[in-house]
Amino acid sequence: MSGIGKVAVIGAGVMGAGIAAQVANAGVPVVLLDIVKEGAASRSAIAEGAVAALLKADPAPFMSRAAAKLVATGNIEDDLGLLADCDWIVEAVVERLDVKQALYRKIEGVRKAGSVVSSNTSTIPLASLISGLPETFARDFCITHFFNPPRYMRLLEVVKGELTRPEAIALVSRFADAALGKSVITPKDRPGFIANRLGVFWIQCAVIEAIEQGLEVEEADAVIGKPMGIPKTGVFGLIDLVGLDLMPHVMDSMIGLLPPEDPLHAIHRPQPLIERMIADGYTGRKGKGGFYRLN
Ligand code: NAD
């Protein structure tokens, strides 16, 4: 149906483990690799631990016991050979260009011809990821940007580079749609792709408007929560949920990514009110509360 019979996910962290679980839940065998943890009893401890955690996740396990049997765990030093018969290799390691590129060179040495390699990066441009890598790699490479948590977030951004074969994009898009139930969009290779450009932009607009107009958070969320598609928490409840302390990092990262002439640049400025709340311990649900009081 999909043309993808086996998948590898490299990086068994928050995103990689979740992606691997979703693929296994769809009945497709997965190889999940991570680095070797110093002093760990097993050389596959990180990937094994991730699978165990997904089975135990509460309130809902992220993976069925039957699906877990489809996941082969290993490490990137000893088990690279496991990639040889994979049709799609998803890289979900730390957000560092040097680490990702070193990994791509290893993958290029073992993957089968025509297999697709993709990165789950949220911020690194595709052009930088493939810079200095062979053209054979670039032709089979794209970005597949899953959202957190992959099991529940239906959107998948698939970004193609100048050299990417259209068949590679078609292969992963078809699989993501048919097997993983994703809505696939294909943004351009620009900072924030589409989802973070729009998502972060309107969250920031909501914060600025509410502060400048002196709105109560309930008033602001009545207008910009439910109607904008976040019915449960509203915008301000969402900020409480992810943590107010994340906001300055997100803004810094967007400012760093967006060139000054980009119309979105100016809107991503730090908000003194949020900085004061963070300093006072009002970091959201993990702190003393945030825009909303803790129940
Ligand atoms: P994480 O820190 O939870 O996991 C990263 C994993 O990669 C760790 O287990 C680490 O041991 C492993 N790793 C590091 N170097 C490696 C190597 N050379 N080989 C194999 N494994 C290696 O990170 P995460 O939050 O899962 O993010 C992974 C990627 O997904 C990043 O590119 C990030 O930008 C992107 N992303 C994250 C989110 C999110 O909400 N966390 C959302 C979308 C995209």
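Tutor: What follows begins with the ligand shell and then turns to the protein as a whole. This is a predicted model, in which local features need pLDDT of at least 70, side-chain atom pairs count only at pLDDT 80 or more, and totals for chains, interfaces and linings use all residues. Residues are numbered from 1 along each chain as its sequence is written.

Around the ligand there are 23 residues, of which Gly11, Gly13, Met15, Glu95 and Asn148 come nearest; a residue counts as near if its C-beta atom, placed from the backbone, lies within 6 Å of the molecule. Two or more residues of this shell are given by each of α1 (14-25), β2 (30-34) and α4 (97-110), and the largest share, three residues, comes from α1. Here helices (H or I, at least four residues) and strands (E, at least two) are DSSP runs, numbered from the N terminus.

As for the setting, the protein has 12 helices and eight strands. Its radius of gyration, taken over C-alpha atoms, is 20 Å, close to the 19 Å that the globule rule gives for 295 residues, so the protein is as compact as a globular protein of that length; the rule is 2.2 Å times the number of residues to the power 0.38. Along the principal axes, the C-alpha atoms fill a box of roughly 60 × 45 × 40 Å.
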